[in-house]
Amino acid sequence: MKAMILKEFRQMRRDRRTVALMVGLPLMMLIIFGYAARFDVATIETAVLGPDAEVVASQLGGAFTVVKLDPAGTDDEARAMLADSEAAVAIVTGAAPKIYVDGTELFVAQSALRRGESLPAGLESEILFNPDLNTAAVMVPSLIGLILLFIGTVITSLGVVREREQGTLEQLAVTPLKPVDVIVGKISPYFVVALVDMVIITLAGIVIFDVPFRGSLFLFAVFGLIYLFVVLGFGVLISTVSRSQGEAIQLAIMVLLPQVMLSGMIFPLESMAAGVRWIGYLLPLTYFVQAMRGIFLKASSFGALLPPLVVLALMAVAVFGLAVWRFRQEVAPKTAKVATS
Amino acid sequence: MTAIDVQGVIRRFGSFTAVDDVDLTVAAGEVVGLVGANGAGKTTLIRMILGLLQPTSGLIRVLAGTPSRELRRRVGYVPQNLGLYRDLTVAENLEFWAEAFGGSPAAPPFDNDDLVGDLPLGLQRRVAFAAATQHGPEVLVLDEPTSGVSPLARSRLWNLIRARAEAGVAVLVSTHYMDEAEQADRLVLMSRGRVAGTGTITDIIADLRAVEVTAPRWQEAFDLLDGSGPPVTLAGRSIRVLGADLRAVRSALARAELRAEVREVPATLDETMVLLDS
């Protein structure tokens with residue numbers, strides 16, 4: 001038994017990825033849970049509109065941070081600001097004063113309602129988009145992103161690595177097939193399966209969990225397609241640096257875990273320490289979650305969805321482009337030199 | 001007609017020269033064995049012939065052209081690890097590889113609906129051979145095509161390879177197994193990236209000799225001779241001292257008072273490779 005234990009430690013020590021997983025992952029989780037996993041919200045972005053906006057804003061205390069002050073602002077503008085995620089709380093002053101709270105920001109909304117004493121007294125409040133603060137309504141649109149990420153990275157990378165393990169990638173390289181045929185042929189089925197999954201999860205969310213779908217179907221499709229390029233790109237990229245399926249899974253975990261924790265899917269980005277929040281802004285799931293919540297629950301305008309769309313599109317070009325380039329290196333044989341030395 | 005023509009090819013990886021000024025030709029209808037120990041440069045040379053790797057310098061022509069995508073339709077390749085999808089059936093594999101080469105699939109070499117991964121190695125090798133030849137290549141490159149299979153399965157495979165050569169296909173077989181090398185019309189022996197000999201096995205072995213020692217205290221004799229300089233191998237309880245001088249071996253054994261029968265024998269191909277690499 002002693003020999004077995006010793007052997008296992010020796011093997012463990014030489015497998016750098018496993019060491020990284022065993023040491024790096026707990027450290028990462030500690031940092032994430034320590035700095036990011038907070039449900040309490042330190043700042044609540046608040047818009048104050050209407051004739052008494054300045055007076056009301058000056059009375060606001062606690063976590064309420066005024067992001068917009070507009071004495072000429074109207075009730076409709078307040079709703080639009082919440083729909084476009086420009087603020088989490090909007091206070092309308094004047095003849096029909098009201099407080100609107102964005103119900104899709106679950107923890108922010110709960111926090112805002114808890115801190116009612118910091119708000120002007122006697123105002124009627126209304127929770128928009130998700131009046132019952134239903135968790136499923138917020139989680140299901142985000143889960144679409146997570147599930148696609150899982151399929152895109154884990155399943156795709158395993159499929160490509162299996163090809164290398166079997167030695168068929170080299171065999172493909174000696175066929176007349178063009179590298180682009182190999183790459184498109186290899187990735188397309190995963191793309192199609194992921195698309196079908198996206199539709200199934202969406203329909204299941206709507207039917208089983210009563211998640212509303214209020215936004216544009218076209219924008220939903222555009223985001224889905226662009227996001228798929230990013231996640232499939234991650235999958236192919238992982239496969240190009242993994243010699244075995246085990247290595248691919250290890251790397252996929254490294255890619256998946258931070259996205260689950262830091263994308264704002266579970267813990268609000270606003271409540272994370274600045275030191276880890278910026279990591280969240282580097283992750284594609286962050287932007288997909290924002291967009292899905294906006295489309296499903298708030299029917300956000302195209303203008304409000306444009307920033308995440310642009311970021312995701314840039315990520316798609318970078319990640320998918322890099323992945324295809326690396327994959328091409330493997331399946332595109334070099335032309336032999338004709339000239340003699 | 002020369003189907004494969006390699007002239008003065010060099011391939012370097014950094015400061016390491018894997019293939020060093022190699023010349024090689026394979027004519028249509030000829031089976032040429034590329035032999036050499038592991039690391040001799042065989043695989044690097046094959047990868048360059050297939051167009052998977054670019055030579056640092058030198059000339060490679062396959063069917064009178066430089067390796068290109070179009071030319072690949074006329075070349076068949078069976079890698080050592082077979083290059084088959086283990087989770088597809090025989091017919092599915094043949095169908096896929098036929099389409100990859102732009103042709104229609106051949107009839108499976110035997111009746112079987114199993115996944116390729118579930119077949120014995122001998123049958124897998126037959127499928128790999130069928131997959132690589134169904135598009136009617138004029139050049140066939142085989143990397144250790146019969147390693148790990150039974151003698152019967154080996155004979156069947158060589159029968160198929162020979163039939164292709166008879167039909168005019170140029171066959172290049174890379175191997176470090178004696179029994180595969182014996183099947184070739186001509187051998188090219190590589191050592192440390194260079195061509196160390198060409199011709200039949202007899203030509204290559206030429207006058208390389210080994211001293212065979214049969215001793216009752218064979219372990220002591222082995223220990224003694226192993227430290228004496230020339231490479232020493234063991235065949236059963238017979239010790240073979242490669243390229244050694246008969247009298248020197250005899251006197252070394254006599255000095256150690258080890259009784260033994262000592263005689264000079266021709267070296268085998270394997271021993272030739274060891275001698276060249278030592």
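Within how many Å do the axes of helix α9 (residues 217-240) of chain A and α10(A) come, and at roughly what angle do they cross?

Modeller: Please keep in mind that this is a predicted model, in which local features need pLDDT of at least 70 and side-chain atom pairs count only at pLDDT 80 or more, while totals for chains, interfaces and linings use all residues. Residues are numbered from 1 along each chain as its sequence is written, and chains are lettered from A and ligands numbered from 1 in the order in which they are written.

The axes of α9(A) and α10(A) come within 9 Å and cross at roughly 135 degrees; axes are lines fitted to C-alpha atoms, for helices over the stretch in contact, with angles from 0 to 180 degrees between N-to-C directions. Because of that angle, α9(A) counts as oblique to α10(A) (under 35 degrees is roughly parallel, over 145 roughly antiparallel, 65 to 115 roughly perpendicular, the rest oblique). The crossing of α9(A) with α10(A) is right-handed (the near helix is turned clockwise from the far one by less than a right angle; anticlockwise is left-handed). In this pair, A:Phe234, A:Ile238 and A:Ser239 of α9(A) meet A:Ala248, A:Leu251, A:Ala252 and A:Val255 of α10(A) (contact means C-beta atoms, placed from the backbone, within 7 Å). Sorted by class, the contact of α9(A) with α10(A) holds six nonpolar residues, one polar residue and no charged residues (Ala, Val, Leu, Ile, Met, Phe, Trp, Tyr, Cys and Pro are nonpolar, Asp, Glu, Lys and Arg charged, the others, Gly among them, polar).

Helix α10 (residues 245-262) of chain A has another partner in helix α6 (residues 135-165) of chain A, and the axes of these two come within 9 Å and cross at roughly 165 degrees. With that angle, α6(A) is therefore roughly antiparallel to α10(A), and the crossing of α6(A) and α10(A) is right-handed. On the side of α6(A), the residues that meet α10(A) include A:Leu146, A:Phe150, A:Val154, A:Val161 and A:Glu165, while on the side of α10(A) A:Gln245, A:Ile249, A:Leu256 and A:Val260 are among those that take part. By class, the contact of α6(A) with α10(A) has 12 nonpolar, four polar and two charged residues. A:Ala248, A:Ala252 and A:Val255 of α10(A), which meet α9(A), are also among the residues of α10(A) that meet α6(A).

Now to the wider picture. Chain A also touches chain B, in a contact that takes 30 residues from chain B and 19 residues from chain A. On the side of chain B that touches chain A, β1 (2-13) and β4 (57-62) of chain B each supply at least two residues, and β4(B) gives the largest share, four residues. That side of chain B has, by class, 15 nonpolar, 10 polar and five charged residues.

Chain B itself comes to nine helices and 13 strands (DSSP runs, H or I of at least four residues and E of at least two, numbered from the N terminus), and the C-alpha atoms of chain B fill a box of roughly 70 × 45 × 35 Å along the principal axes. Of the contacts in chain B with a separation of 6 or more, 69% are between residues 24 or more positions apart.

Technical notes
Contact = placed C-beta atoms within 7 Å.
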